[in-house]
Amino acid sequence: MAAAPLRPTPSRPPGRGTSPARRPRTAALSTLSAAGVLALAGQLLTPAASAGPDDAIAPRPGPYGYFVDAYSGNVEENTTVETSPAIGVLAGMLEVWQPGAAWDDGTVLDAGVHEANLDRNAAIAAARTPAEEDYAYVIDRRHQSYSALDGLGPYAPAFRVAMNAGTTIPDEVPADAATVVHNDTGNENGVWADTGPDTELGSVTELVNTVRGWYTTSNNAKNFYQYPRPFRWAGTEDVVIWSLEPRRSPNPATDGGFPSGHTNAAYLASLALAHAVPQQYDDLVENAAGMGHSRIVAGFHSSLDVVGGRVLGTATAAAVLANPAYEGIRATALADAQQLLAASPVVESIDLSPAAQAEYRDRAQAYRASTVEGFEQLGDPTLPAVVPKGAEALLETRFPYLDAGQLRWLLRSTAIESGYPLLDDPEGWGRLDLFAAANGYGAFDSDVAVTLDGEEDVWRNDVSGPGSLTLGGTGSLALTGANDYRGGTVLDGGRLLAASPAALGAGTVEVSAGELVDATDGTVLVGGDYRQAADGALTLTVEDAPALAVTGAADLGGALRVELPEGTTLEEPITLVEYGSLAAGAAFASFEVTGLAGEDAELVYGEHALVLRAAQDAGTPSPTPTSPSPTAPGSPEPSSPSTPTPSATPGTTAAASTPAGASGRLSDTGAPVGGVVVLTLVLLTLGSGALAHVRRRNAGA
């Protein structure tokens with residue numbers, strides 16, 4: 001097929017004057033405590049590895065070998081897909097475009113993708129706002145590493161001071177931008193930020209500079225592919241924003257567009273910062289994506305260019321972060337950054353509300369869209385994801401409690417679907433979705449066992465798959481997704497927060513030790529059986545009855561804490577738990593109620609429901625419980641407790657500590673509880689930090 005027409009076009013005069021300043025970016029929420037991440041600088045936790053077939057996460061080489069091993073081959077002398085990893089990892093471009101001997105004699109091989117690429121430039125140019133144009137100008141002119149600091153959100157100002165980061169490019173576009181090229185000269189020392197022991201966070205600057213150091217350029221790939229910038233194609237000459245007109249190169253032979261160098265640099269700097277500040281991981285990669293997209297807005301790059309820049313930057317960052325030669329630099333930067341965070345005031349606590357989850361879904365969807373930059377899924381959409389060798393280095397500080405194998409499973413479970421232009425490279429770099437990966441598993445394709453000690457974290461993705469989750473340690477993990485993983489959930493220690501109705505998946509839940517917390521406004525669903533041992537604890541926040549709905553059998557033991565809206569009265573019984581059946585002799589050993597308005601309460605174990613009611617005198621008939629709302633899928637309708645219900649024998653039951661003089665007593669529908677020693681619940685105080693301050697509606701917490 002003949003090459004599409006190419007012709008250089010002259011610069012056009014400036015269109016409009018200075019536009020308003022760019023919009024500030026929204027800060028993300030931190031998920032890890034600084035103390036928890038610091039554990040990685042000293043020693044990594046080594047929980048049990050995930051089970052499953054090793055070949056599912058085994059790396060697969062490209063034509064150049066493995067990128068993390070071969071990245072030093074990104075030099076000018078290597079000019080083939082077999083010898084240059086930077087060229088080879090982007091070889092999917094050769095399905096769209098065949099470079100020629102010169103910049104203007106290449107051949108378009110896939111007209112559909114190529115035309116869609118240029119059409120998107122034209123569409124974005126027609127719809128862009130003045131604020132987007134100004135942002136695109138700033139990103140073009142500022143040092144990319146300085147711009148990457150925006151991804152630190154609320155911590156960015158402190159990091160700029162501690163790194164002595166500086167720029168001479170203001171947020172406002174200069175009035176003479178249409179005729180004068182303004183270059184960023186950095187801080188007073190002529191660099192974007194300082195290194196050295198005299199700079200508080202000089203180690204973080206050094207890490208960024210290292211990740212952007214040797215063998216990380218995009219120029220060798222540009223010179224090989226020679227895919228022209230969008231303004232050099234007929235029909236898209238006018239896509240360049242007015243403020244960057246002077247930046248049009250007069251020499252198209254040395255001014256290739258693919259891949260985008262700014263996007264490559266944005267991901268390199270952002271992933272280096274994410275290694276030192278994993279609390280801001282998703283904000284950092286989101287900011288990198290925004291920097292990349294601004295290159296299309298500017299008219300200096302196409303969607304193919306930006307996608308290529310992301311792929312190259314991701315692979316190169318992983319290669320440098322996985323290089324043992326830089327272990328000391330990485331560890332020092334991590335420790336220094338975490339020390340600064342530990343001394344910083346807490347900006348925002350972790351939000352487990354439905355609104356926060358909805359915001360996450362919107363951001364995750366937008367980031368996923370940015371990874372494909374408008375292209376349709378034209379290829380085979382069913383190819384399994386491949387996890388590149390060394391890609392786990394990108395997440396090792398974000399999840400210090402996961403081992404390398406678990407990180408590889410996590411990356412596989414959050415990968416982008418196959419079939420998009422450029423993304424199906426043999427190693428799998430193109431399909432990594434680091435925004436989703438920074439927020440936990442997307443599937444338990446194998447059994448996952450983790451130990452959190454002194455840490456709190458949140459996994460926000462919807463988790464599917466056949467595997468199970470086992471949590472141990474003394475920390476806290478919140479699950480906020482609409483999960484349907486089938487292998488079950490085991491709590492061996494710590495706190496597991498069910499922050500959505502379907503947080504616990506579709507399998508059996510077993511609380512051997514630690515505390516399971518109902519952290520959602522709705523009913524927490526258990527798709528299988530629910531078993532709680534003597535060392536386990538369950539906290540229920542009753543907003544809608546029942547607080548917990550179990551499809552299968554309930555075998556109850558250990559401690560129960562019930563949190564009611566302050567001032568609640570028990571004029572009508574409250575259904576706490578529904579279940580398909582109740583194991584013989586099952587009962588909590590102790591319980592505590594908060595929020596009652598000065599009355600005693602007792603538990604009544606019915607055939608299909610556990611009810612909380614006002615304490616009754618011996619022989620008083622049990623009232624019918626209030627009509628419960630939603631049941632677990634497939635569970636039978638709850639029945640009223642058997643009557644009469646004997647009350648606890650005075651002197652044999654220890655009263656639970658509750659506000660306003662309320663007390664708790666245990667009752668069973670089968671026999672009196674006389675002679676049963678009931679232990680007062682001692683609340684587990686596991687973990688600290690942001691999760692300890694999660695708001696529970698109307699519970700006074």
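Ser 243 lies in the loop that runs between helix H9 (219-225) and helix H10 (261-276). In this predicted model, Ser 243 counts as buried because its relative accessibility is 4%, below the 20% limit for that class.

**Loop residues**

- Leaving aside residues up to four places away in sequence, Ser 243 touches Tyr 137, Val 173, Ala 177 and Ala 178.
- Glu 172 belongs to the loop between helix H7 (156-163) and helix H8 (202-211).
- The relative accessible area of Glu 172 is 45%, so this residue is classed as partly exposed.
- Between Glu 172 and Tyr 135 the C-alpha to C-alpha distance is 9.0 Å, although the two are 37 residues apart in sequence.

**Packing of H10 against H12**

- The axes of H10 and helix H12 (residues 303-322) come within 7 Å of each other and cross at roughly 35 degrees.
- The crossing of H10 with H12 is right-handed.
- On the H10 side, the contact is made by Thr 263, Asn 264, Tyr 267, Leu 268, Leu 271 and His 275.
- By residue class, the contact of H10 with H12 comprises seven nonpolar, seven polar and one charged residue.

**Aromatic pairs and cluster**

- The structure contains 17 aromatic pairs.
- One of these is formed by Trp 214 and Tyr 215, a tilted pair with 6.4 Å centre to centre and 45 degrees between the planes.
- Trp 214 is exposed, at a relative accessible area of 70%, whereas Tyr 215 is partly exposed at 33%.
- Tyr 225 and Phe 258 form an edge-to-face pair, because their planes stand at 85 degrees, with ring centres 5.2 Å apart.
- This pair links distant parts of the chain, as Tyr 225 is in helix H9 and Phe 258 is in the loop between H9 and H10, 33 residues apart.
- Tyr 225 is buried, with a relative accessible area of 0%, and Phe 258 is likewise buried at 0%.
- A single aromatic cluster is made up of Tyr 441, Phe 444, Trp 459 and Tyr 485.

**Charges over rings**

- Arg 248 lies over the face of Phe 231, at 4.9 Å from the ring centre.
- Arg 398 places its charged end over the ring of Phe 399, at 4.2 Å from the centre.

Methods. Residues are numbered from 1 along each chain as its sequence is written. This is a predicted model: local features need pLDDT of at least 70, side-chain atom pairs count only at pLDDT 80 or more; totals for chains, interfaces and linings use all residues. Side-chain values use heavy atoms; hydrogens and water are left out. Helices (H or I, at least four residues) and strands (E, at least two) are DSSP runs, numbered from the N terminus. Buried means under 20% relative accessible area, exposed over 50%, partly exposed in between (1.4 Å probe, protein chains only). Contact means heavy atoms within 4.5 Å. Axes are lines fitted to C-alpha atoms, for helices over the stretch in contact, and angles run from 0 to 180 degrees between N-to-C directions. A crossing is left-handed if the near helix is turned anticlockwise from the far one by less than a right angle, and right-handed if clockwise. Ala, Val, Leu, Ile, Met, Phe, Trp, Tyr, Cys and Pro count as nonpolar, Asp, Glu, Lys and Arg as charged, and the others, Gly among them, as polar. Rings of Phe, Tyr and Trp (its six-membered ring) pair if their centres lie within 6.5 Å; planes under 30 degrees apart count as stacked, over 60 as edge-to-face and the rest as tilted. A charge sits over a ring if NZ of Lys or CZ of Arg is within 6 Å of the ring centre and within 35 degrees of the ring normal.
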